[in-house]
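Visitor: I have a model open and a few things to ask about it. Can we go through them one by one?

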Amino acid sequence: MTVPERPHMNGAQSLVHTLVAGGIDTCFANPGTSEMHFVAALDQIPGIRCVLGLQENIVTGMADGFYRIADRPATSLLHCGPGLANGLANLHNARRARSGIVNIIGDQATWHRPFDAPLTTDTEGLARFSSDWVRTTTRSADVGRDAACAMQVARRAGGGVATLILPSDASWDQGGVAASSLPDLAPTAPDPHAIGTAARILREHGETTLILLGGRAMLVGAQEASWRLVQATGAEMMGEYVCARMSRGRGRVPLNRVPYAQAPAQKALWRYSHIILVGARPPVGFFGYPGQPSIHHNPETLFHVLSRPDQDPATALTDLAETLNAPKAAIPDAGPRPDPIVGAPTPEGLARTLAAIMPENAIVSDESVSFGRGFYEHTFAAPQHDWLHLTGGAIGDGLPVATGAAIGAGGRRRVIGLQADGSAMYSLQSLWTQARERLPVTTVILSNRKYKILINEYVGVGASPGPTAMSMLDLTNPELDWVKIANGMGVEAAWTDTLEGCADLMRQSFASQAPFLIELAI
């Protein structure tokens, strides 16, 4: 989009005009003094919805969730280096999710920086930790140009976290120039040699070959093309454990992920002589364990890259299917939709209950951590939905990703958060934003009052926990009262310790546009 000339513009105004021209319509923000001229420009210039987060890690997590559903970037606004530091964990998750974000960081005025004021830090150094592109703009005349570059990175195929650092004088000085959008960086064309190699492998070794999907290959078009290959060649398909978004439910491929734990992952992967990577990485463990390998596959397995994250996986898989003359293949019937389960909560019971009552086209934001690893096999017969996972392992993304996803869907889709209680405490301020924006988010807090995953990890690393160690993994002294916490954030909430109680509360929440929280004692 071309930006008309506007005389007497400061840098912040040129930034907003450039963002609007480039299709940015949402800003997740936690601003401070250095960003006040940008905040003023957002007020003066229509076109961008501003969503306040009460802590920077909420802001960056919302921007991640927004991109995963809207498939276009928003901007996040953070205050100086320390504000960026607060948001780094969910920027790390966003980068692992390959989300596109235009990350705007205010900073000290260029002439004030040498005085080493309290907030002065190496903002650019911090940004490089979890950004694909970083630039510090020191002149108001360059702000629009650099913002256009940042948007080009965030919009590119395969996503990108682009961080633009703006010293406050670059925002308030006159001389800003709004910039037109740069051309989108389209997906790189599939590699004919990669397609030829994959075709040969599938012809010769189909029954011992795994097609491993990652990134956008977990969406409908790529799944269906991969299913054609599986049916035609005898190969199998799986998704990466670290999964930003997967299309699921009736009429879609019943796709499982590589297991998290080492033993089941090795059992699932060991027999494959070849693994074809479609937007995926070779599978490795989250952690190293004493005397155990980092890889989960057979060391003799050969890997073949069919498509990279900057390529369109559906096109690559379809071209491969055509090369092999693989016919269209019907997706198997997932069977009847399960009935809700009654009684004490179990992972299987909760999954089946969710599949029984979730509305059509829902979004599941899953940070259930250890409790939810087996949810997939019991939810294949659910209505069609999208499932979002924690991608970078930095806990605390479930609530803000759910919040951003609800905004990315325009408030038209029910978001269901499956949220471990310990990790929810990292980003509970998300509930306040959900209430403020009246978002259709139903959060189920899986309340076991402990860091259960870390208790499990003790076994893996061979450590022997005693009373001091166990006290650091226990959340009962004092107990967290999630009903009161949610009410204090403006969100209606209720407690239950049965699956039928959870089902009733979920149904009630689905009838409202307002957020609701269920504390489910497990």
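Visitor: What do S3, helix H4 and S4 make?
Guide: This is a predicted model. In it, S3, H4 (residues 80–96) and S4 form a β-α-β unit, and the unit is right-handed.

Visitor: How many bridges join S3 to S4, and do they run parallel or antiparallel?
Guide: There are 6 bridges between S3 and S4 (residues 101–107), and the two strands run parallel. Within that pairing, Ser76 stands opposite Asn103 of S4.

Visitor: And S1, how many bridges join it to S3?
Guide: S1 (residues 26–29) is joined to S3 by 3 bridges, again with a parallel run.

Visitor: Which residues are on each side of S3?
Guide: Ala74, Ser76 and Leu78 are on one side, while Thr75, Leu77 and His79 are on the other.

Visitor: Changing topic. Where is Arg257 found?
Guide: Arg257 is in the loop between strand S9 (246–248) and helix H10 (262–269).

Visitor: Buried or exposed?
Guide: Arg257 counts as buried because its relative accessibility is 13%, and the cut-off for buried is under 20%.

Visitor: What does Arg257 touch?
Guide: Leaving out residues up to four places away in sequence, Arg257 touches Met238, Gly239, Glu240, Tyr241, Cys243, Met246, Tyr376 and His389. With the side chain of His389, the Arg257 side chain makes a polar contact at 3.4 Å. A polar atom of the Arg257 side chain also lies 2.6 Å from the backbone oxygen of Tyr241.

Visitor: What separates the C-alpha atoms of Arg257 and Arg337?
Guide: They are separated by 21 Å, and the two residues are 80 residues apart along the chain.

Visitor: Last topic, cysteines. How many disulfides does the structure hold?
Guide: It holds 0 disulfides.

Visitor: Are Cys50 and Cys80 buried, exposed or partly exposed?
Guide: Cys50 is partly exposed, at a relative accessible area of 41%. Cys80 is buried, at 0%.

Definitions and conventions
Residues are numbered from 1 along each chain as its sequence is written. This is a predicted model: local features need pLDDT of at least 70, side-chain atom pairs count only at pLDDT 80 or more; totals for chains, interfaces and linings use all residues. Side-chain values use heavy atoms; hydrogens and water are left out. Buried means under 20% relative accessible area, exposed over 50%, partly exposed in between (1.4 Å probe, protein chains only). Helices (H or I, at least four residues) and strands (E, at least two) are DSSP runs, numbered from the N terminus. Two strands pair if DSSP finds at least two bridges between them. A crossover is right-handed if, with the strands pointing away from the viewer, the path from the first strand over the helix to the second runs clockwise. Contact means heavy atoms within 4.5 Å. A polar contact is a pair of N or O atoms within 3.5 Å; within protein, one must be able to donate a hydrogen and the other to accept it, and residues adjacent in sequence count only if both atoms are side-chain atoms. A disulfide is a pair of cysteine sulfur atoms within 2.5 Å.
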